[in-house]
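Q: I'm new to this one and would like to learn how to read it. Can we go through it step by step?

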Amino acid sequence: MAAASTAGGSGGGGGGAGGFGAGDMEVEAYRRLFPLPFYERYLQNYVRPDARPLHRARDTSVALGPIASAHGSSSVKIGDTTMLAAVKLEVMTPSAEAPDEGSLAIEFHMPPICSPTVRPGRPADVAPVISKQLSDVITSSGMIDLKELSLISGKAAWTAYLDIYCLNSDGSLFDAALLSAIAAFSHLQIPLVSLNDDGRVIAVSGEQLENNSTIELVNKEKRKLSFQSIPFSLTCVLHNKYILADPTAEEESIMETFITVVLDSMGRLVSFYKPGGSVLVHSSTIKDCISLTKQRMEELQNILEDSTSAMEE
Amino acid sequence: MEYVDSLTGFRLDGRRPNDMRQIRGEIGVVAKADGSALFEMGNTKVIAAIYGPREVQNKGQQANNQALVRCEYSMANFSTGDRTRRPKGDRRSTEISLVIRQTMEACILTHLMPHSQVILIEFLVHILLKFFMYFLPKICFLQIDIFVQVLQADGGTRSACINAATLALADAGIPMRDIVTSCSAGYLSSTPLLDLNYIEDSAGGPDVTVGILAKTDKVTLLQMDAKLPMDIFENVMQLAIEGCKAIAHYIRGVLLENTKQLECRRGI
C-alpha cells in the first residue's frame, strides 16, 4: 500500500517511478539495513544520494501570509521540511521594570502529522529543545527592538505571540523554524488601535476609521517592525572528515553529530550549538561551518527579499 | 441581528442561503505521511495526515479481527480570532476526535486488515553479508492513525476535518467502503442556511452537522444542538445532505485529477 501512495518511503534515489526490479529492491534493502556504509559510498565521491554536493542546501521557498486571521504569518519549505509560523499581537500592561517595552512569546510545536515517530500524547523529544533555541536566538540577536512594541508608556504594550508548527519533518528543523519566524515578523502588520472611553486600548478596523474620522489613533505611523540585524542559520551534520550541510531526517538519524551556526546580517556570530556527539572537531572544521553558513545566509537573504517583493505585487 | 437581509436575501458574507463557501482540496501536502490532504471551506483550513496501516503501538487497545483506527484533532494556537492556549486534551478536542474516528471507522474496511504476517526483507547480494538472512515472520496487529490539524477556524471545522480525512485516506490507499463527506447547516432568521461560518454558528441558532456515505446516501454522522421543530429540522437536514453531495462530487473530481497526474508521471 505504501508503494502506491504519492508520499513514498525514503527520499530520492532508488525505485521511484520506474518500477521495482530485482536490482532496485536490493539497493533499498541495503539502504535500510546498512545505512552508514550506503552513505559512505556516496560521500567518497563528495555527493549525496539525492545528487546534492555536500555543501549545498535543499531548495528553499518562503510564502508570506498563508494565515489571514493572524497579524503576520509565513510558510517555509526547505526540501520537504515544512513550517508554518504565525504572529498574533495582544495588548497587555508592560512590567514595572520595563514600562517602555513589549514582549515576545515564542513556541514551537510538532503535531503528530509531521512525522511517523511523533505520537499523540507524547510530544517529540526535540520540540522543546528547538523551542528554547529559537527563543534564545531571537531574543539575543536583538532582531526585534522591544521598544517598538510599546503603545503607551507604562500603560499598554504589545505582546507578540509567535507560534510555529512543523507540518512535515525532514531534517533541519531549526533552520526552517528560524526562517519562518523571521519571515512571519517581516510580514507582520501591526493593527491600528485607539483609546476608548474607559481608557482601554482597543483595535480599530479599517471600516470604523472611514466612518468616524474623529477616532484618535495611538499608533498611526508605526505599522511594521524594523529589524536591527536578522539572524540566519545553517545546520551541518558531521561524519569523519565530511561536513554535510542541511541534512535530511535520514542523514540526521545516521550521523548523529551536528553543528548549528547562527550568523546575523552583519556577519557576526550569534549562536554556535554543538550538543556533544561522537565526532570531535578542530577549529578548522568550525571555521568551515561558519563560512558555509555565510554562503547560505546570502542565499536566504535573496529568498526573503524575493518573497517580500512578491507579496507587495 | 439580521443574518439574512430581508430585502436582498443575502447573508452576512454575501452568500445566498443555499450557497456553500468556496471549497478547495489538495492531496499529498505532507511528504512524510502515508496519505495527507489540505481541505479549505471558505476561511476554515484543515490539514489531515494518515499514518498506517502500521503496527499497533498500544497493545492493550488492539481488536482481534480488524485494524484499529485512532484519531487526534487539534487546533493551532493562531487558528481562531483570539489566540488561545489550548491544552491538548481539552473536552472539545477529545469530543471531536471521537466523532471523527467513529465516522471514519464506519467507512474504512477494517476487517480487510486483520493481523498479518510481516516478513522483513531477505538480503541477498552483498558478498560479506550473504550469511545474513533476515527472515523474521511476525504476527502484528495493525492500526491506522488519523491526525487532523486546524490551521484556520471559521466555522464548520468538524466538517472540514472529515472531508480532509477522507481525501487523506484515499491518498494513503486505505480500502474504504465509500467516501464520507460532511457539511453543516443551520436555521437563522427563519431561513435554513447552508455551511455556517463562525459568526452564524455563534449566533445561538441550531447547528446541524451531517456526514454521509456519498454513493449509498447513508448517514453516518448527525449532530444537532439548540431547539428546532421537527418539520424544519427535516428541511435543514436535507439541505445539509445536499451540501454533502456537492462536496462528494468535488472530492471525486480532485481524486480523479490526482490519478490522472499519477498516470502521466508513470508514463501511461
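This is a predicted model: local features need pLDDT of at least 70, side-chain atom pairs count only at pLDDT 80 or more; totals for chains, interfaces and linings use all residues.

Q: Which elements of chain A supply residues to the side that touches chain B?

A: Helix H1 (22-33) and strands E3 (81-92), E4 (103-109) and E6 (156-168) of chain A each supply at least two. E6(A) gives the most, five residues. By class, that side of chain A has 21 nonpolar, eight polar and nine charged residues.

Q: And how do I read the size of an interface?

A: It's often given as the accessible area lost when the parts come together. Here, about 3700 Å² is buried between chain A and chain B, with 61% of that from carbon and sulfur atoms. The contact takes in 38 residues of chain A and 42 of chain B.

Q: What about empty space inside?

A: Rolling a probe the size of a water molecule over the atoms shows where empty space is left. In the whole structure, the search finds one cavity of 30 Å³ or more. The largest cavity holds about 50 Å³ of space.

Q: Which element gives the largest share of the lining of the largest cavity?

A: That's H4(A), with four residues. The lining includes Leu178(A), Phe232(A) and Arg296(A), and its residues divide into seven nonpolar, one polar and two charged.

How values were computed. Residues are numbered from 1 along each chain as its sequence is written. Chains are lettered from A and ligands numbered from 1 in the order in which they are written. Side-chain values use heavy atoms; hydrogens and water are left out. Contact means heavy atoms within 4.5 Å. Buried area is the accessible area (1.4 Å probe) that two parts lose on being put together, summed over both. Ala, Val, Leu, Ile, Met, Phe, Trp, Tyr, Cys and Pro count as nonpolar, Asp, Glu, Lys and Arg as charged, and the others, Gly among them, as polar. On a 1 Å grid over the protein atoms alone, a cavity is a set of points where a 1.4 Å probe fits but cannot get out, and a pocket is an open set with protein on both sides within 12 Å along at least five of seven lines; lining residues have an atom within 4 Å of a point. Grid points are joined across faces, edges and corners, and a volume is the space filled by probe spheres set on the points.
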